[in-house]
Amino acid sequence: ISDEKKPDKWVFSTCGYCGVGCGLYIGVKDGRAVYTKGNPKHFVNKGTLCPKGLSEHQLINSPERVTTPLIKKNGELVYASWEDSYKKVADEFKRIAKEHGEKAVGVISTGQLLTEEFYTLGKFVQLGLKTNNYDGNTTLCMSSAVMGYKQSLGSDGPVGSYEDFEKANTIILVGANISDNHPILKLHIAKNKNHPKIIVIDPRSSKTAQMADIFVPLKPRTDLALFNGLAYIIMEQGWEDEAYIKANTNGYKELKKHLQNYPPQEVVNITGIDVKTLYELARQFASGDSVLTAWTMGVNQSFMGTDTVSAIVNLHLLTAQIGKEGAGPFSITGQCNAMGTRESGFTSSLPGYRNFGDKAALKEYAAIVNVPVEIVPLERGYKYAEIIDAIDRGEIKALWVVATNPLVSFVNQEKLRKTLAKLDLLVVQDAFMSDTAEIADVVFAAATWGEKEGTYTNSERRCNRANKAVEPLGNTKSDFDIIVDFSKYFHGVHELLFNHWKKPLDAFNEFKEITRGQLCDYSGMTYELMEEHGGIQWPCNEDRPLGTKRLYSSDIPFRTPDKKANLICADWFPMAEPICSEFPLILNTGRTVEQWHTRTKTRSIEILDNLAPEAWVDVNPKDARKLEVKSGDRISLSSARGRVEGVVVRVTNSVASGNVFVPFHFNTQLVNALTNESFCPKSGEPNFKQTAIQLHSKKVP
Ligand code: SF4
C-alpha cells in the first residue's frame with residue numbers, strides 16, 4: 001500500500017458475508033473504509049479471504065445504498081425523516097392490530113444482522129408488537145438442520161469444529177459445494193495431515209467434487225434413501241457400535257425394522273448408486289477412526305430436509321462417530337450470522353434455545369428479562385412460507401422485511417409479487433435498495449457491516465466480534481438503533497423492554513444471562529475475550545472459560561429428557577413435482593463464489609460483478625445436442641409457474657443428462673420465477689433444488 005493510500009487505522013472485525021466467519025481488519029482512511037485484509041492470527045482463516053471478503057469494504061460506499069428513510073407518495077419513494085417514517089409505520093401497525101388483531105402484522109428477518117440486533121428485534125416483535133408471525137430468511141437455508149438436530153439430539157447446534165476438518169480420517173461432503181460457498185473451509189481440509197478420504201455426494205459434479213477421492217453422483221433428491229440404505233448395510237454387517245447405541249440412544253429396534261424397506265438393491269434403484277459403492281460408503285463409517293459428515297443446502301433445501309438431516313445423524317449415532325475429535329454430523333451455515341438468529345432470534349426457538357411450548361422455559365425467560373409471562377408467546381407463529389400464505393389469504397395485513405430480499409430469494413416469484421401487492425403496508429429495513437425495497441411503502445434506511453458493532457456466530461459456534469470502523473452513511477442508523485428508537489412509538493414498550501438500553505452491549509449482556517446454563521451458554525464471554533482469542537465457541541462459562549470445541553462428548557449429554565439421542569425412522573418419497581413430457585428436465589439452483597445471495601451487496605462491487613455479471617445455465621452435452629445449442633448461446637427456461645429468458649448456456653459434464661444448474665443470485669435472470677412451492681413440513685424449508693422445467697433454444701411466442 002502506498003503512503004498516500006495507507007489507512008489511518010485498521011479495525012478488527014469479522015467478515016459479514018458467509019457462515020465461515022473469517023477474521024479481518026478494515027482499513028480506514030479519512031473516515032472511509034478503503035481496504036479489507038485477512039487477520040493472519042485468526043484461527044478460522046489465518047489471513048486469507050475469498051474474493052467477497054477481500055472487497056468487502058467497497059459495499060459500504062456502494063451506490064446501491066439507501067441513505068435516508070423513504071416513504072411512498074403518489075407511487076414514488078421519496079425522502080422522509082425518521083420521525084415521519086416511524087410514525088407512519090407505527091400508526092398503521094396499531095390500526096391493523098386494532099382492526100384485525102396483533103398477529104395481522106408479520107415480520108421476516110434475516111441471517112445478516114448481529115446477534116445483539118436479532119435479540120433486540122425478536123424481543124420487540126414478540127413482546128412489544130405481540131405477534132409471533134415472525135421468521136427469518138434462515139428458513140430458506142438452515143431450518144431443516146435446526147429441526148433435524150432438534151428431533152435427533154434434543155437441541156439445535158452444529159456439533160463440531162473446523163478443527164475436525166483437520167483431524168478427520170474421512171470427510172463426507174453432502175450437497176455442499178464449499179469451493180464456491182465456503183471457500184476458506186478448504187484451508188482446514190488442506191491442513192489435515194491424515195490424508196483423509198474425501199467423499200462428495202452430490203448430483204452435480206461441482207468444483208468441490210473435483211477434489212473427491214470418491215464422487216457419488218446420486219439421482220436428485222434421493223439422499224435420504226441413500227443414508228437409510230447405508231444404515232441398513234451397517235446393521236446387516238454388524239458394523240454398528242452396540243455399546244454406544246445402548247448407552248446413548250433410543251429407537252434402535254424401531255429403526256432396524258424401519259430400514260427393512262431400504263435393502264441395497266432398492267437403494268440402488270432409487271439413487272442410481274451401485275451396490276459396491278454403497279458398501280464402501282457404509283464401511284467408511286464403520287472402519288474410519290473419525291468420520292465427519294458436513295452438509296449445506298443440498299440436504300437442507302428439501303421437502304424431506306429435516307428427516308434427511310436425521311438420517312445423517314443416525315449414521316453417526318450407530319457408529320459412535322460423534323462427540324470426538326474429527327467426527328460428527330456438521331451442518332455448515334450459510335449466512336454470517338445464521339447461528340446468531342438460531343440462538344437468539346425468537347424464530348425456531350425462544351432465546352437461548354428454550355423451546356416454544358415449554359411453560360417452565362417461558363416462565364424462566366420472563367423472569368430473567370422482567371416481563372409479565374403472559375406476553376411471552378407460548379407457541380411459534382407462522383413460518384416464512386406460512387406468513388406469505390397468510391398474506392395471500394388476507395389474514396396478515398402488514399409485513400416488515402428486515403435485511404432480506406424475498407423478491408429474488410423466495411419460490412414462485414410471480415405469485416409472491418401478487419401476494420405482496422395485497423398488503424396494506426410493506427416496510428423494508430435494509431442498507432441497500434433491494435427489489436423488495438423498491439415496492440415498499442416505507443423504507444427504514446439501515447447502516448451496514450463496518451458501520452455498526454456486535455457479534456456474529458459462525459458455523460462452528462464461534463462468536464466473533466464485528467466492530468464499527470466508520471460512521472453510518474448519510475441518514476442511516478444501525479439496526480439496533482432503528483428497533484430501539486422505533487419501540488418508543490408504542491406506548492410503554494420501550495420502557496418495558498429496552499429501558500436504559502443505549503448500545504448493543506446492553507442487549508448482549510441480557511442475552512448472556514438468558515443463555516446461562518443452556519447449551520448455547522454465552523455467560524463466560526466478553527467482547528474483549530472474543531477479540532483476544534479470535535472468537536469463542538459456545539458453550540462458554542465459568543467451567544469452560546475459553547469455550548468448547550465440540551458438543552456431545554462424555555461431559556455434554558444429549559439435550560433430550562433422558563439424555564439419549566433419538567434414532568429417527570425417516571422415510572424417502574419421490575419428488576413432489578416429477579418431470580413430465582412438457583417439463584422433462586430437473587433444474588438445480590445454487591451459488592457462485594463471486595456473488596452474495598440476491599446481489600444487493602455485491603452487484604455494485606466492480607471486481608465481483610465483472611467476474612460473474614449474469615446467470616448461466618449448465619447443460620449436459622447430450623441435452624445440448626438435442627436442443628442444438630452450444631456454449632455461449634442464450635436460451636429460455638420455463639416451468640409450470642414462469643419463464644426466464646436469455647440465459648447463457650455452458651455445455652458441461654458437471655451436470656448429468658436430464659439435469660441443469662442455474663445460480664439463483666440474479667434478478668436479471670430470475671430463476672425463482674420457476675421454482676415450486678414444496679416445503680419440508682417440519683422445518684418449512686423450500687425444496688429449491690428440484691424443479692421440473694423445459695429449455696427453449698428458440699424464442700417461443
Ligand atoms: Fe467472508 Fe466467507 Fe469469504 Fe470468509 S469465506 S471471506 S467469511 S465470504
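Analyst: The largest nonpolar core holds 213 residues, and the members touching the most others are Leu230, Leu292, Val427, Val443, Val617 and Val660. A core here is a set of buried Ala, Val, Leu, Ile, Met, Phe, Trp, Tyr and Cys residues joined through C-beta atoms within 7 Å. Buried needs 20 or more other C-beta atoms within 10 Å of the residue's own; 12 or fewer makes it exposed, anything in between is partly exposed, and C-beta atoms are placed from the backbone. Helix H8 (residues 223-236) supplies the largest share of this core, nine residues. Helices (H or I, at least four residues) and strands (E, at least two) are DSSP runs, numbered from the N terminus.

Keep in mind that this is a predicted model: local features need pLDDT of at least 70, side-chain atom pairs count only at pLDDT 80 or more, and totals for chains, interfaces and linings use all residues. Residues are numbered from 1 along each chain as its sequence is written. The chain's mean pLDDT (the predictor's confidence in each residue, from 0 to 100) is 95, with 99% of residues at 70 or more. For the complex, the predictor gives an ipTM of 1.00 and a pTM of 0.96.

Back to Leu292: skipping neighbours within four places in sequence, leucine 292 is in contact with Gly160, Asp164, Phe165, Ala168, Ile171, Ile172, Gly326, Ala327, Gly328 and Phe330. Contact means that the two C-beta atoms, placed from the backbone, lie within 7 Å.

Then there's methionine 147, in helix H4 (residues 143-153). Methionine 147 counts as buried because 24 other C-beta atoms lie within 10 Å. Leaving out residues up to four places away in sequence, methionine 147 touches Thr306, Lys682 and Ser683. Glycine 684 sits 537 residues from methionine 147 in sequence, yet their C-alphas are 9.7 Å apart.

Helix H14 (residues 305-318) has 14 residues and spans 20 Å from first C-alpha to last, close to the 20 Å expected at 1.5 Å a residue; the expected span is 1.5 Å times one less than the number of residues. H14 is mostly covered, with 14 of its 14 residues buried. Just after H14, alanine 320 takes a positive phi of about 55 degrees.

Arginine 461, not a glycine, has a positive phi of about 65 degrees, and its place is between strand S17 (454-457) and strand S18 (462-466). With 27 other C-beta atoms within 10 Å, arginine 461 is buried. Histidine 597 also has a positive phi, near 40 degrees, in the loop from strand S21 (585-590) to helix H25 (606-611). Histidine 597 counts as buried, since it has 25 C-beta neighbours inside 10 Å.

Three strands form an open antiparallel sheet in the order S1-S2-S3, where pairing takes at least two DSSP bridges between two strands. Strand S1 (9-14) and strand S3 (32-38) are the edges, each pairing on one side only. Strand S2 (residues 23-29) pairs with S3 over six bridges, and isoleucine 26 has threonine 36 of S3 as its bridge partner.
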